[in-house]
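Reader: I am new to this structure. Could you walk me through how to read a few of its features?
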Amino acid sequence: VCLVCSIVVSTSAVALRERQDRNKVLDRQTKVLVVAGVLEEDQAVTAEEIERLFGSNIRTRVVDLASGEYDDSVDPKTYDHRKATKDPALSSAAPANNAGLTRLPAKAVVYQRVENDEVGSLILPIEGKGLWSTLYGFIALEPDTTTIQGITFYEHGETPGLGGEVDNPNWKALWVGRRAYDDDWAPAIEVIKGAAGPVAEDPYRVDGLSGSTLTARGVTNLVQFWLGENGFDPYLEKLRSEGSSS
């Protein structure tokens with residue numbers, strides 16, 4: 001019985017792998033569309049509609065993290081920076097950090113919501129340690145590179161009802177309009193213990209997660225890391241410089 005069951009399970013896993021991989025891609029595309037404001041949270045759409053909306057609204061590029069320059073020699077459709085992190089030829093040891101990251105990819109995929117050839121959102125991948133797991137998600141910024149349009153996570157293993165509240169639409173809505181950087185362009189956004197004030201009065205802080213201080217601290221650490229000098233700051237600084245010169 002065990003042998004037959006193991007064969008059935010193995011055969012099913014192999015047969016369904018392609019579908020599973022496609023579903024993972026669709027889930028990430030959905031998260032990008034939601035955080036960019038193209039889709040509503042939990043809006044019911046078909047796989048074909050997700051692919052159409054993603055293709056018509058989202059521009060995908062590969063960025064060299066050290067220089068902030070685009071690398072068009074790498075196909076963003078096939079490049080996976082999570083896999084690159086595990087390849088010594090495509091990654092390097094991470095500097096000491098509070099996000100729990102041990103290796104960093106040399107390049108990462110970034111997304112832009114584009115309408116009439118104008119960029120309306122910059123969507124950056126983020127990851128880092130929570131309490132029980134590594135959280136993987138996206139943060140969206142306005143073209144000014146500091147005003148937050150949204151945040152979302154597509155994979156984590158935090159405790160449902162506690163750290164898992166990072167998936168709560170009401171909590172994610174608290175990020176909208178906050179500022180990622182202070183006036184000196186240092187990452188300043190943080191999740192605090194307790195309640196933050198209104199956006200206009202308290203632009204750098206977000207309400208904490210009740211009963212999940214360590215997950216909330218992890219979110220602060222990972223967001224600040226990827227907004228910092230070892231993350232996407234060289235890329236964002238380059239965009240700011242180009243915007244000022246133009």
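Author: Gladly! Let us start with touching: contact means heavy atoms within 4.5 Å. By that rule, and not counting residues up to four places away in sequence, Trp226 touches Leu65, Leu101, Leu104, Pro125, Ile126, Glu127, Gly231, Phe232 and Asp233. This is a predicted model, where local features need pLDDT of at least 70, side-chain atom pairs count only at pLDDT 80 or more, and totals for chains, interfaces and linings use all residues. Residues are numbered from 1 along each chain as its sequence is written, and side-chain values use heavy atoms, with hydrogens and water left out.

Reader: Is Trp226 buried or exposed?

Author: Buried means under 20% relative accessible area, exposed over 50%, and partly exposed in between (1.4 Å probe, protein chains only). At 3%, Trp226 is buried. Its place is in helix α5 (residues 213-227); helices (H or I, at least four residues) and strands (E, at least two) are DSSP runs, numbered from the N terminus.

Reader: In what sense do strands β6 and β7 pair?

Author: Two strands pair if DSSP finds at least two bridges between them. Here β6 (residues 134-141) and β7 run antiparallel over six bridges, and Gly137 stands opposite Phe153 in β7. The two strands form a hairpin with six residues between them, and Thr145 in the turn has a positive phi of about 70°.

Reader: How many residues of β7 are buried?

Author: Six of the eight in β7 (residues 148-155), so this strand is largely enclosed by the rest of the structure.
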